[in-house]
Amino acid sequence: MAVRNLDHAPHETRLASRSVYPRDMGPTVATESFAGRDAETALLRNLVRETVLGHGQCALVEGEPGMGKSALLASVRAEAGELGCQVFAAAADELGQEFPLRAMVDCLRVADDTEDPRRAAICGRLRQECSAGVAGTGEDVVGAAEELLDLVDQACGRRPVLLVLDDLQWADRASLLVWHRLCRSAEQLPLLVLGAYRPVPHRTELDQIRRGVRARGGVVHVLGPLDHCDALRLVAARAGAASCGGELAWLADRAAGNPGYLTELADALLRDDRIRVSAGVAELSAADLGGRVPAALTTAIAGRLDFLSGQALATLRSAALLGDEFSVHDLAVVLHRPASDLLDALGEAVRAGVLAEAGSDLAFRYPLVRQALSDATPLAVRSALHREAAEALAATGAPPVLVARQLLAAADTVDEWTLGWLADTA
Ligand SMILES: Nc1ncnc2c1ncn2[C@@H]1O[C@H](COP(=O)(O)OP(=O)(O)O)[C@@H](O)[C@H]1O
Ligand SMILES: [Mg+2]
């Protein structure tokens, strides 16, 4: 419930140096006002305290993009730094998966110009393994992995350690194996091994890691949306206000508690000078009453969805034409494909948290996202697609209200078929 300020961990271990791989920035850090997440913060803070007392742990935070995983990890890093822990943190990146141990090397700040001979030796081994034209045997990776484990072990001998790896869904396989081994040794060391990942793209190794963490009594926390009050607090805080007026609150509700979407919504409105603050209340400016979504926001949201496969995105764009809720059957009709063809794409969208089950139908979790997907199709094309959808639905005997909704969206496409259907249905 509280609104806190987060900064970089003051005692964070930062060996500014060049890595054997290009350096990664590590998890994003929320320096702005932080809303809600009291239970999660308390849970992780407790793990840090226990680690400082010598009882290590492993913990995973799972959540869809924008749900605030990195922001939460940043708050744990700050806490651990204040309690005197050594903090090692990095985020895996999508392109780094090809390089063995890349994520762990970044995390442990193993750099080739370091004074530390052990780190230099690890760099040497990996450089050999990754040299152009040399087919690596894997032996050097195994050796480097053992040395990395040793590094952590020795660091724990000096001070308690917090090791954070964000975006585990992109970590290379060798780093995930090291992460898994660290989890196994955490309980005997003052070591907190913390990771965060998205459920999509799905990684089998992450299933194994999750099972391992659970089996060891560690924490696997699925980060859900902010509740209504905290969501409004986040938006108000970004606008420098204490609360939101009714129109702004209506618009914020369309982000369904996802802090990433809420942040982008608030920032897009502020950029366009569309928020006024009066007596501590932030509200859409008078000209805006009616709650249009800024174009910059729909573009930003469309960009956030690019982690989905092309097939899932195309299916979602068509589904967006049908409204916030739709039946798989109607979608199949509109696409002129059997429903069985759509299962993979829709399953991916559900796992990614873009769609959710709504009784026997599917629904967009975030109305903002549906709008962004729909707006991504040019208006003229959208009109034509709505008109086609109306005809396809009518041909299968869909209820007139569904057909009418499509015709209304096709606004200016009044042709012979439309007039005929209207006459028959009336
Ligand atoms: N509880 C929160 N309060 C305020 N802002 C938040 C909160 N959680 C996340 N944010 C902001 O929302 C955006 C997305 O959060 P992030 O942690 O990057 O999500 P994820 O890592 O799950 O994709 C960031 O700008 C972050 O600062
Ligand atoms: Mg993140």
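Predicted model: local features only at pLDDT ≥ 70, side-chain atom pairs only at ≥ 80, totals over all residues.
Residues are numbered from 1 along each chain as its sequence is written, and side-chain values use heavy atoms, with hydrogens and water left out.

**Cavities and a pocket**

- Rolling a probe the size of a water molecule over the atoms shows where empty space is left.
- On a 1 Å grid over the protein atoms alone, a cavity is a set of points where a 1.4 Å probe fits but cannot get out, while a pocket is an open set with protein on both sides within 12 Å along at least five of seven lines; lining residues have an atom within 4 Å of a point.
- Volumes are the space filled by probe spheres set on the points, which are joined across faces, edges and corners.
- The count is 2 cavities of 30 Å³ or more.
- Residues lining the largest cavity include Glu 64, Asn 258, Arg 304, Phe 307 and Tyr 366.
- By class, that lining has 7 nonpolar, 2 polar and 2 charged residues (Ala, Val, Leu, Ile, Met, Phe, Trp, Tyr, Cys and Pro count as nonpolar, Asp, Glu, Lys and Arg as charged, and the others, Gly among them, as polar).
- The second largest pocket holds about 250 Å³ of space, and of its 15 lining residues Leu 321, Arg 370, Ser 374, His 386 and Ala 409 are the closest to its centre.
- Two or more lining residues come from each of α12 (310-322), α15 (367-375), α16 (379-395) and α17 (400-409) (helices are DSSP runs of H or I with at least four residues, strands are runs of E with at least two, numbered from the N terminus).
- The lining of the second largest pocket has 5 nonpolar, 6 polar and 4 charged residues.

- In strand β5 (residues 161-166), 6 of its 6 residues are buried (buried means under 20% relative accessible area, exposed over 50%, partly exposed in between, with a 1.4 Å probe and protein chains only).
- Val 161, Leu 163 and Leu 165 lie on one side of β5, with Leu 162, Val 164 and Asp 166 on the other.
- Strand β4 (residues 86-91) runs parallel to β5, joined by 6 bridges (strands pair if DSSP finds at least two bridges between them), and Ala 90 has Leu 165 as its bridge partner.
- Strand β6 (residues 191-197) also pairs with β5 in the parallel sense, over 5 bridges, with Leu 163 opposite Val 193.
- From β5 the chain passes through helix α6 (residues 173-186) to β6 in a right-handed β-α-β crossover (with the strands pointing away from the viewer, the path from the first strand over the helix to the second runs clockwise).

**Salt bridges**

- The structure holds 21 salt bridges (a side-chain nitrogen of Lys or Arg within 4 Å of a carboxyl oxygen of Asp or Glu).
- Arg 181 and Glu 146 form one, with their closest N and O atoms 3.3 Å apart; Arg 181 sits in α6 and Glu 146 in helix α5 (residues 139-158), 35 residues apart.
- Arg 387 bonds in this way with Asp 415, at 2.7 Å between the closest N and O atoms; Arg 387 lies in α16 and Asp 415 in the loop between α17 and α18 (416-425), so the pair ties together parts 28 residues apart in sequence.
- Arg 387 counts as buried at 11% relative accessibility, whereas Asp 415 is partly exposed at 26%.
- Arg 45, Arg 49 and Glu 79 are linked in a network of salt bridges.

How values were computed
Chains lettered and ligands numbered in written order.
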